[in-house]
Amino acid sequence: MRRFCLALALTLSTLPLAWSPPARAQVSDAERAAARDLFKQGDELQRAGKFPEALDKFQRAEQVIHAPTNVLRIAECQAAMGRLVEAAESYRQVTRWQLAAGSPPAFQSAIDQAKGELAQVEPRVPKVLVQVTPPPPQGSQPQLVIDGATVPFALVGEQIPLDPGEHKLQATAAGQASQEVSVNLKERETKNVALQLQPVPGGGAVVAPPPAGGGAPPPPPPPYGSNAVPPGTPPPPPPVVMEGAPEAVRPRSNVGILIGAHLGAVAPSGRIAGADGNMHDLNNVSAGGIGVGIDGGLRFARHWYVGVSYDHDAFSPTTTNPQLTSAQSHSDTFGLDFAFIVNPDRVSFYGTLGLQTRFYTLSATNLPQSETYTSGELLAGVGIWIPIGHWFRLLPELTGGFGSFGVPNDLGGSSTTSGLGEAGHAFFTLGLVGYYNIDL
């Protein structure tokens, strides 16, 4: 596979920047239905994280219906499998697509999306920089071999993109060869590799050893970047391009509605003003509790979310404050949330910022009446976005609401609280949100 990736990388890099699809052909209803089914299967497999199986379905759909939407999905699967060199070239193929007049909007959406995802994949591609010493003499037909594929010797001293993982490199020339060197590459990494040519006993040409199982050695690989294929390789079926938008290969939705509910453990901290004229620690008034709520909003521009939420937190009574007898407390929160989802269709990072208003109520048998504290809060949180099939999303997240409670109105004029100001507080929630997802 690495040999194929190397050949593919240079082959595609030699294509003209203005790429155009092959001649168009008519697509029958049966072919269109088959392509629709293949794309649907690939979409379900990709969402389930079964990228090799999804890649096969999208490649088959591309052989039937030649469209940038198919190639975009192929690139995404290749990237998810760590085949970053192939993925980058597939993305470039989409970005170079020349759309004919009247092409469906889905094609332009795929091109725009490919440009954004290519910018994320390109920095991840590791590279090697090979140096060969001593310089081979002229006419010695020097070669650079990477993972069994012949690479133009002109790439020596230049950065060569490779997939993450282990690779084997060797330099050869007439009567000379270097030791085979193994290098392990990680994403975003560039490594220098030094190869030293040494005379080969006998001075003959350097040839690959026969296979361990005996028999004739396999035919040599084609030159790096060559369009030639090894003998015996069946030709791929010709692609069929349909006029108009293929029903099966629509782009993923950039807009959606999310409706859900959440449950979590809540821990308060900070201080509040008491009726006795003193400031009290919140965790000496309210112990940890349970929060429940509802959420709803709109996902737009694929990655962004804006929504509203309501949360009710019920706190356990604390036993560390003897000034309160049979104390009970709870809070109600109304918020406006803004969030960013790295990839709505895969397990990915979720971050949120928002504004909310909290109403905190405290009552006890030795208090003349229940007291309600009001505060505006800044909400911040992080979580893991987990798609479950097409319709459901789970979001384990940690959030914090930060604000300051003033003195309740019914205590503000009393002599015991007139000198008290606002006190900062925070409510931390570790919870789980479940969403019902509706793509638009």
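D147 is found in the loop between strand 2 and strand 3 (149–151), where strands (E, at least two residues) and helices (H or I, at least four) are DSSP runs numbered from the N terminus. The phi angle of D147 is near 55°, a positive value in a residue other than glycine. The model is a predicted one, in which local features need pLDDT of at least 70 and side-chain atom pairs count only at pLDDT 80 or more, while totals for chains, interfaces and linings use all residues. Residues are numbered from 1 along each chain as its sequence is written, and side-chain values use heavy atoms, with hydrogens and water left out.

Strands of a sheet pair through backbone hydrogen bonds, either parallel or antiparallel. Here three strands form an open sheet in the order 4-1-8, with mixed pairing, two strands being counted as paired if DSSP finds at least two bridges between them. Strand 4 and strand 8 stand at the edges, each with a single partner strand, so one side of each is left without a neighbour in the sheet. From one strand to the next the twist averages 35°. Strand 1 (residues 127–133) and strand 4 (residues 159–161) run antiparallel and are joined by three bridges, and the partner of K127 in strand 4 is P161. With strand 8 (residues 190–196), strand 1 pairs in the parallel sense over seven bridges, and V128 has K191 as its bridge partner there.

Turning to the helices, two packed helices are described by the angle between their axes and the distance between the axes. Axes are lines fitted to C-alpha atoms, for helices over the stretch in contact, and angles run from 0 to 180 degrees between N-to-C directions. Helix 3 (residues 51–64) packs against helix 4 (residues 68–80) at an angle of about 155°, with the axes 9 Å apart. That makes helix 3 roughly antiparallel to helix 4, since angles over 145 degrees count as roughly antiparallel, under 35 as roughly parallel, 65 to 115 as roughly perpendicular and the rest as oblique. In this contact (heavy atoms within 4.5 Å), residues of helix 3 including F51, L55 and F58 meet residues of helix 4 including V71, I74 and C77. By class, the contact of helix 3 with helix 4 has nine nonpolar, three polar and two charged residues, where Ala, Val, Leu, Ile, Met, Phe, Trp, Tyr, Cys and Pro count as nonpolar, Asp, Glu, Lys and Arg as charged, and the others, Gly among them, as polar.

Helix 4 also packs with helix 6 (residues 105–121), at an angle of about 20° and with the axes 9 Å apart. Helix 4 and helix 6 are therefore roughly parallel to each other. Among the residues that make the contact are P68, L72 and A79 of helix 4 and F107, A110 and V121 of helix 6.

Side chains of opposite charge can pair when their charged atoms come close. The structure holds 15 salt bridges, each a side-chain nitrogen of Lys or Arg within 4 Å of a carboxyl oxygen of Asp or Glu. One of them links R60 with D56, whose closest N and O atoms are 2.9 Å apart. Both R60 and D56 lie in helix 3, four residues apart, about one turn of the helix.
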